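Today I opened my notebook to look up salt bridges. Here is what I went through, in the order I did it.

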Amino acid sequence: MTAPGDFDLTTDELREVARYAVRHAEDVLPVYERAVPGDPRPRAAVDAAWTFVRGAARTKLQRVTSLDAHRAARSAPTEAARLAARAAGDAAAAAYLHPIAKATQVGHILRAAANAARVAELEAGGDEAIGDSQVDRSRRLATPVLVDVLRRYPPLTGGGSRVARLMSALDHDVRGADSEAAP
């Protein structure tokens, strides 16, 4: 039974959310792999996300690899590597986005993109203009389906970290997206 304010999500909608997240995670995965060569956990999470996106049922594969990628993040040697591993974990977890009308769920949709934007900043010596540019790119990658799913959730509010601010900016920008959304 759906609680007041909650809604349904179709498998196709979940696949679109996972596709969006995994595209961003895949972009920054090499940052983790350079920092921690030989650790397959974030790549396994990206692969699990793609498995779901490409039509397989969501299974414990996505859950397990997501948790493993987040564990890898905790021991990563740099902030950029940590964020890249988290993006991979978030991509695998996107298959399990909950249809509950809480702003906390927005992170499951947009955190991988925000982490990727922060990684780009760090790789450019901390240049926040690079992160802002990545947020704009991520907004343009949001499909109409993703925008529709995002708008079902309350908007994000606040956040002190740079990733939280990037995610809030992306949330605002994607909610305002219309005809510019990618096909």
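My entries on charged side-chain pairs follow.

Ground rules: I am working with a predicted model, where local features need pLDDT of at least 70, side-chain atom pairs count only at pLDDT 80 or more, and totals for chains, interfaces and linings use all residues. Residues are numbered from 1 along each chain as its sequence is written, and side-chain values use heavy atoms, with hydrogens and water left out.

Entry, the count. I searched the whole structure and got 17 salt bridges (a side-chain nitrogen of Lys or Arg within 4 Å of a carboxyl oxygen of Asp or Glu).

Entry, arginine 34. Its side chain meets that of glutamate 123 in a salt bridge, 3.2 Å from N to O. Arginine 34 sits in helix α1 (residues 11-35) and glutamate 123 in helix α5 (residues 106-123), so this pair ties together parts 89 residues apart in sequence. For helices I take DSSP runs of H or I, at least four residues, numbered from the N terminus. I noted arginine 34 as exposed at 55% relative accessible area, and glutamate 123 as partly exposed at 48%. My cut-offs: buried is under 20% relative accessible area, exposed over 50%, partly exposed in between, with a 1.4 Å probe and protein chains only.

Entry, arginine 162. I found a salt bridge to glutamate 121 at 2.5 Å, N to O. That pair links distant parts of the chain, helix α8 (residues 162-176) and helix α5, 41 residues apart. Both arginine 162 and glutamate 121 are buried.

Entry, arginine 140. Here the partner is aspartate 136, at 2.4 Å, N to O. Both lie in helix α6 (residues 128-141), four residues apart, about one turn of the helix.

Terms used:
Helix = DSSP H or I, 4+ residues; strand = E, 2+ residues; numbered from the N terminus.
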